[in-house]
Amino acid sequence: MSTPAQGEPPALDVSLASTPCDLDGVPVILSRITALSQGLQSSDHERRLQLLGEARALVQAIETPRDRMIMDMWARVMTIGTLRIGYESGVFGEMLKDGGRPKTVSELAEATGFDPVMLSRVMRHLAATRHITETGPQEFALTSFTRAMTLPIIGESYITASVIPGTTPTYTLAPQSMLPIYLKEANYNPAAAGWDPANPTTFQRVAATNGQEPLNLFDYIAARPGMARAFSNHMAGSAQGTTRWMEAGFYPVRERLVDGGCVDDDDPEAVFLVDIGGSTGHDMVVFQSVYPDVPGRLVVQDLPDVVAGAKVDGRIELMAHDFFQAQPVRGARAYYMHRVLHDWPDDKCLLILGEIKKAMRPGYSRLLINENVIPTTGARWEVTALDLGLFVFMGAKERTEGDWYEILEKKMGFKICGIWSAANAVESLIECELVV
Ligand SMILES: C[S@@+](CC[C@H](N)C(=O)[O-])C[C@H]1O[C@@H](n2cnc3c(N)ncnc32)[C@H](O)[C@@H]1O
């Protein structure tokens, strides 16, 4: 990439590799950590996240470039793998039994059928990386984190990070690690190199290289029940612990959707809310618990295999629906999509939105889009990581406010009524209506 005009970067002394990154900054970070941790309650999410940011800054200040490189290159990927092993082999489940008392490798090996020598190596890495506690020679106990690993919404997420036995060499890690190679091949200009990153996606290119049918991500998942379950659990897990748009202090549901313009009580078919691409319905479950009394039907739509695996109760209805086809629910009060449009490049979003637009009733129906709105500065790392992940998996992206205006108002002709967010929320809620 460097051009003669830019010249070579200046040569640095090799000792930089083993010099702590910013020891001088440590006292300042520590004083911020002390201030933030005074009287901190677990319910104070915003302050807790600030503290977490400072704790990470502290590690980055203390570590040397060499420390960091070894952690990234050797430990992180192996940690993801060993966590999956702990979950999938049933070792973590065994460790949770008997009140979570410390257990020896031999006990755990006998209970799970795991080879004791191999298990001991796995446990040693998990203990060295502080994911379990070493309570004695060959004896370990779970930490709070690995206790939570026994919850499918956390533990199954690790399955999405690697391989389902007997199906395919890779799911998420290999495509992510191939991005640098494909970008380099394209001289860091995919479009100029004639590569439409959505066709084929990095994910599809890796599959093709491995001699597999290069399915799109969602077709790939649909073809594998274990992966579909893991992905749905991952979606549910990643939505935990943040304020959702239907919760207090975010989007005023009653004021915007219920008061003075709700569904016709006399129409038994009237639909209040449709969650399009709603996975197994976890958002609608929260909506129903916060607003048990809104009139009208609550409908969750997703691909057939996804809704087949859903268990919902109360008034929630499940409906198999491909959002590229005509929307069967006409004239609902609100059409809602969470983390759907970010999966698709603009041309596909226009198709999805076009089907919803045709189903909306002018002057009545609203479109609710629950997505990231990347700020001009200070984007959060989980959003920036997801943005690049979406490039890899779908040739798609997270969008800025300008991107949303471009797609929703300029290209689709909706009016954006407002964009709501909350302190402890990652994503925003964009409300749109038809221009009449
Ligand atoms: C990133 S997930 C988001 C799920 C859920 N809205 C959430 O935020 O947890 C995208 C969802 O879109 C669904 N999906 C993908 N292609 C679809 C299609 N053509 N029609 C309907 N749903 C689809 C997937 O099955 C998946 O549940």
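Reader: How far apart do the C-alpha centres of domain 1 and domain 2 lie?

Author: In this predicted model, the C-alpha centres of domain 1 and domain 2 lie 27 Å apart.

Reader: Which residues belong to each domain?

Author: Domain 1 covers 15–63 and domain 2 covers 67–150. Domain 3 spans 173–236, and domain 4 runs over 241–434.

Reader: Which residues does UniProt list for a named domain?

Author: The UniProt record, an unreviewed entry, lists residues 273–414 as "domain: O-methyltransferase C-terminal". Over residues 273–414 the chain is 37% helix and 22% strand. The end C-alpha atoms of that stretch are 19 Å apart.

Reader: Now helix packing. At what angle do the axes of α3 and α6 cross?

Author: Start with the two axes. Helix α3 holds residues 65–88 and helix α6 holds residues 116–128. Their axes come within 10 Å and cross at roughly 120°. Angles of 65 to 115 degrees count as roughly perpendicular. The angle here therefore makes α3 and α6 oblique to each other.

Reader: Is the crossing of α3 and α6 left-handed or right-handed?

Author: The crossing of α3 and α6 is left-handed.

Reader: Which residues of α3 and α6 meet?

Author: From α3 come Ala 75, Met 78, Thr 79, Thr 82, Leu 83 and Ile 85. From α6 come Val 122, His 125 and Leu 126. By class, this contact of α3 with α6 has six nonpolar and three polar residues, with no charged ones.

Reader: And α4 with α5: at what angle do they pack?

Author: The angle is about 115°, with the axes 10 Å apart. Helix α4 is residues 91–100, and helix α5 is residues 105–112. The crossing of α4 and α5 is right-handed. Val 91, Glu 94 and Met 95 of α4 make the contact with Leu 108, Ala 111 and Thr 112 of α5. The classes in the contact of α4 with α5 are four nonpolar, one polar and one charged.

Reader: How do I read backbone angles, and what is phi of Asp 98?

Author: First the general idea. Most residues other than glycine have a negative phi, and most peptide bonds are trans. Now the case. Phi of Asp 98 is near 55°, a positive value in a residue other than glycine. Asp 98 has its place in helix α4.

Reader: Which residues does a cis peptide bond join?

Author: Asn 199 and Pro 200 are joined by one, with omega about 0°. Pro 200 lies in the loop between α9 and α10.

Reader: How do the axes of α9 and α10 cross?

Author: Helix α9 (residues 173–185) and helix α10 (residues 202–209) have axes that come within 9 Å and cross at roughly 100°. That makes α9 roughly perpendicular to α10. In the contact, α9 supplies Ala 174, Pro 175, Met 178, Leu 179, Tyr 182 and Glu 185. Helix α10 supplies Thr 202, Phe 203, Arg 205, Val 206 and Thr 209. By class, the contact of α9 with α10 has seven nonpolar, two polar and two charged residues.

Key
Residues numbered from 1 in each chain as written. Predicted model: local features only at pLDDT ≥ 70, side-chain atom pairs only at ≥ 80, totals over all residues. Heavy atoms only, no water. Domains from an automatic or database assignment. UniProt positions renumbered as here; feature names shortened; annotations may be inferred. Helix = DSSP H or I, 4+ residues; strand = E, 2+ residues; numbered from the N terminus. Axes fitted to C-alpha atoms, helices over the stretch in contact; angles between N-to-C directions. Parallel < 35°, antiparallel > 145°, perpendicular 65-115°, else oblique. Left-handed = near helix turned anticlockwise from the far one by under 90°. Contact = heavy atoms within 4.5 Å. Nonpolar A, V, L, I, M, F, W, Y, C, P; charged D, E, K, R; others polar.
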